[in-house]
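Hi,

Here's the structure I promised to pass on. Have a look through it first, and then read on for what turned up.

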Amino acid sequence: MHRLLKQWDASLTPAQFAKLDANLARREFLFDGLKAAGALTLLPATMLLTACEEDRKPDQARLSQIEPWYTFAAVQQQLFPDDGNGPDARGINATSYLKFVLDAPDTDPDDRKFILDGVDWLNRLAIARFKAVFANCEPVEKDKLLHNITSSDAGERWLSFLLRYIFEALLTDPVYGGNPNGVGWKWLQHIPGFPRPPANKRYFDLL
Amino acid sequence: MSDADVCIIGSGAGAGPVARQLAQAGFNVVVLEKGPHFTQQDYYKDELACCLRSVYTPNLRNERHVIEDYAGKAADGHYKWSSQSTADSGWDFWNGNVVGGSSNFMSGFFYRLKPQDFRLLSEFGPIAGANLVDWPISYEDLEPYYTMVEQVVGVSGHFQPHPFAEPRSTPDFPYPPTTEHVVSRLIDDACTKLQFHSLRTPRAILSQAISPQRRSCEYSGYCGSYGCASGAKGSSREALLNDAVHTGHCRILAKCKVNRLLSDSSGKATAAEYVDAHGVTHQLSARIFVVACQAVETARLLLLSTGPKHPQGLGNNHGQVGRNLVFSAGGSGYGDLVYHELTPQLVEQLKLRGPFVNRGLQDWYFIDDKQFGARAKGGTIDFLLRHPNAVNRANQLKWDNQDKLLWGSALKQKLKKEFTESLSVRYEVFCDWLPTDDCFVSLDPKVKDKWGVPVAKIRIGYHDHDLKVGQYLSDKAKQVLQAMGTKNIRGDVSGSPPQNLQAGGCRFGKDPATSVLDPQCRIHDAPNVFVSDGSWMPTGGSVPYTWTIYANAFRVADIIKRQL
């Protein structure tokens, strides 16, 4: 295991790991504050690469403006790629959805910190191995990095969190901002129930 | 003068019948419910609300339990137990903390107990390590109330004669069965081949409208774990509490958490002390108190309610409160109907979401099989479709066969295959969770909830006999899946408790030394306190508890009416 991954594992106590596992396992988080704040809005363009920027690698100034969403978006795209089989991470608004989750006032602060810190650990590993931040690595390098980090306890949990919120963006009601026009449901031939939640009866409106 | 004639703590299946019957009789009833008051206009088919966020149950960081689980044997042969807070494990033991309680989220599989369930000890004899007793009442005492539940709560079904069918005072159910899925026919065909008696499962779900508020099921296909938007599901809120409030004699105070019952020097309860949504503490006096918080929380509240005559907790002078907690033993499993092996016409029918499977087996409710051993109590098998929750299902698919995370195209291919190429048929086994000295509720000496009140500690030991019965039934269920032609048949029988199926902890009986409640479900030495959730059950039977809880709560309502 790479020394950075050993350091990442060592930065967390057994109790912190246990808590992360508990939060991965359970129905979690209250979203009281979202009633006032409103639900998911798509990430503003200033926080993601624009279409015309996608072929260029952003400079440091631009990076500082768009991180951690630049890295999250790249990891999510690697986890859920555009491969001709259904929607990709971008097509289900996975990054905006993740921001919605991380911004939620009652998201466990330890989970939030762990997910955000993971960006730094991943990019440090990417620079150590391939001399570029994760998002600027080649696809093969990205996949190697993801395999690398699953060899660590922390890395595996970090990717588990990201996958979990990709599935939420793919398959929860479009009223929450993911799964636009039911694209995830259509792909997996999933029939949603009815009545579906209206915009004024999302779960945080009920709390 | 008291604030109320009757104060009911909790609002689920044990509370609704009491509230309705007493309010309709003109008594002044107050229901104190810890959770919010949602109506059918608040319930949508939203997986986030239902199952991925803490909307209908407390946040475990604020309110938790401590679970004591088996941790091997010590050198002296005694069991060792390890404690863990549910906030640390994520194992949530709350079930529907809202008006109507967990009955809002039930699937409505409704079975009666059978006469032999009321006399398990004399019928089957003792089992070493199990605290078996006969009940102080008989099936005949409860039968009229089972029938009342059919009519008032609304149970849909069709009576089928059966070797183990329990006696009924009416020829059939008041409402016809709900519409059925094509899988029901496949189960029937398989059971015919196997010479099993496929039974139509009665459901507490209306197949036809009975009022503007209680309409027919809309067959959305999302029932269990979800609140009902049509009023068809016979939740305590929809079927009973709304009637109670309609009388003008019942008030429901939501977001009011009772921390203890106060009692006087005679042992009688005098007031419920509760905290409202603003954190203000109140006391509500009443002539009669009814505790119906579900088994674990009922035991906790009684243990917290010390008084001059109850120094160890209300009704706990013989150390019985919390003891003999039971869950439902058994297990579950799946088999997959693989579409490419079936006709296109059948596949189209299988893909239909909405109608119910409504099939169960009770051929082995009593096991008379030399290969098993002596004649024994068995249980019930129920069949259903895999739960439709999509996020939860996808999340389970992120691991490969070596327990490594999957991602990329491999993950997407797996999702596509699992979601679109087969239909999973599920079975569930319900058998007795034998009451033992290793399954009980106590107060944790250290962990407290957000109000600073000690939380319930639950020891969850099980009896090995439960696994033997569960495995026997699970094997029978797998035979059905095999005969149906399903593939990838798998199942699991374990001693892990289903936290939504709780009973016991305040068993009723004639002897105050070995029971908390008298046969009328009144605390032996607190004559104005009743317990009407499933806590009274000394043994649980081999079916989901809700119908029996409803029926007994109607019985308790009659008893209270006579006492008032």
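How many salt bridges are there between chain B and chain A? The count is four. Before going further, please keep in mind that this is a predicted model.

**Where the chains meet**

One of those bridges joins Arg53(B) to Glu168(A), with N to O at 2.8 Å. Arg53(B) turns up again when you look at area: together with Trp407(B) and Lys412(B), it supplies 18% of what chain B buries against chain A, more than any other three residues. Between them the two chains bury about 4800 Å², and 59% of that is on carbon and sulfur atoms. In terms of residues, 54 from chain B and 55 from chain A take part in the contact. There are also 19 residue pairs in polar contact between chain B and chain A, counting pairs with both residues at pLDDT 80 or more.

**Salt bridges elsewhere**

Over all chains the count comes to 41 salt bridges. In chain A, Asp173(A) pairs with Arg196(A) at 2.8 Å, N to O. That pair links distant parts of the chain: Asp173(A) sits in the loop between α9 (153-171) and α10 (183-187), while Arg196(A) is in the segment after α10, 23 residues apart. Asp173(A) counts as buried because its relative accessible area is 5%, whereas Arg196(A), at 41%, is partly exposed.

In chain B, Arg375(B) and Glu123(B) form a salt bridge at 3.8 Å, N to O. Arg375(B) lies in the loop between β13 (366-367) and β14 (376-377) and Glu123(B) in helix α4 (residues 120-124), so this bridge ties together parts that are 252 residues apart in sequence. Both ends are partly exposed: Arg375(B) has 37% relative accessibility and Glu123(B) has 26%.

Asp518(B) and Arg522(B) make another bridge, at 2.7 Å, N to O. Here Asp518(B) is buried at 11% relative accessible area, and Arg522(B) is buried too, at 17%.

There's a network as well, in which salt bridges link Lys19(A), Asp108(A), Asp110(A) and Arg61(B).

**A helix in chain A**

Is α9(A) mostly covered or uncovered? Mostly covered: 18 of its 19 residues are buried. The length of α9(A) works out too, because 19 residues at 1.5 Å a residue should span 27 Å, and its end C-alpha atoms are 27 Å apart.

**Cysteines**

The structure holds one disulfide over all chains. It joins Cys50(B) to Cys51(B), with the sulfurs 1.8 Å apart, and both of these cysteines are buried. Cys217(B) is in no disulfide, and the nearest cysteine sulfur, that of Cys223(B), is 6.4 Å away. Cys217(B) has a relative accessibility of 14%, so it counts as buried. Cys431(B) is in no disulfide either; for that residue the nearest cysteine sulfur belongs to Cys439(B), 14 Å away. Cys431(B) is also buried, with 1% relative accessibility.

Cheers

Note on methods
Residues are numbered from 1 along each chain as its sequence is written. Chains are lettered from A and ligands numbered from 1 in the order in which they are written. This is a predicted model: local features need pLDDT of at least 70, side-chain atom pairs count only at pLDDT 80 or more; totals for chains, interfaces and linings use all residues. Side-chain values use heavy atoms; hydrogens and water are left out. A disulfide is a pair of cysteine sulfur atoms within 2.5 Å. Buried means under 20% relative accessible area, exposed over 50%, partly exposed in between (1.4 Å probe, protein chains only). A salt bridge is a side-chain nitrogen of Lys or Arg within 4 Å of a carboxyl oxygen of Asp or Glu. Helices (H or I, at least four residues) and strands (E, at least two) are DSSP runs, numbered from the N terminus. The expected span of a helix is 1.5 Å times one less than its number of residues. Contact means heavy atoms within 4.5 Å. Buried area is the accessible area (1.4 Å probe) that two parts lose on being put together, summed over both. A polar contact is a pair of N or O atoms within 3.5 Å; within protein, one must be able to donate a hydrogen and the other to accept it, and residues adjacent in sequence count only if both atoms are side-chain atoms.
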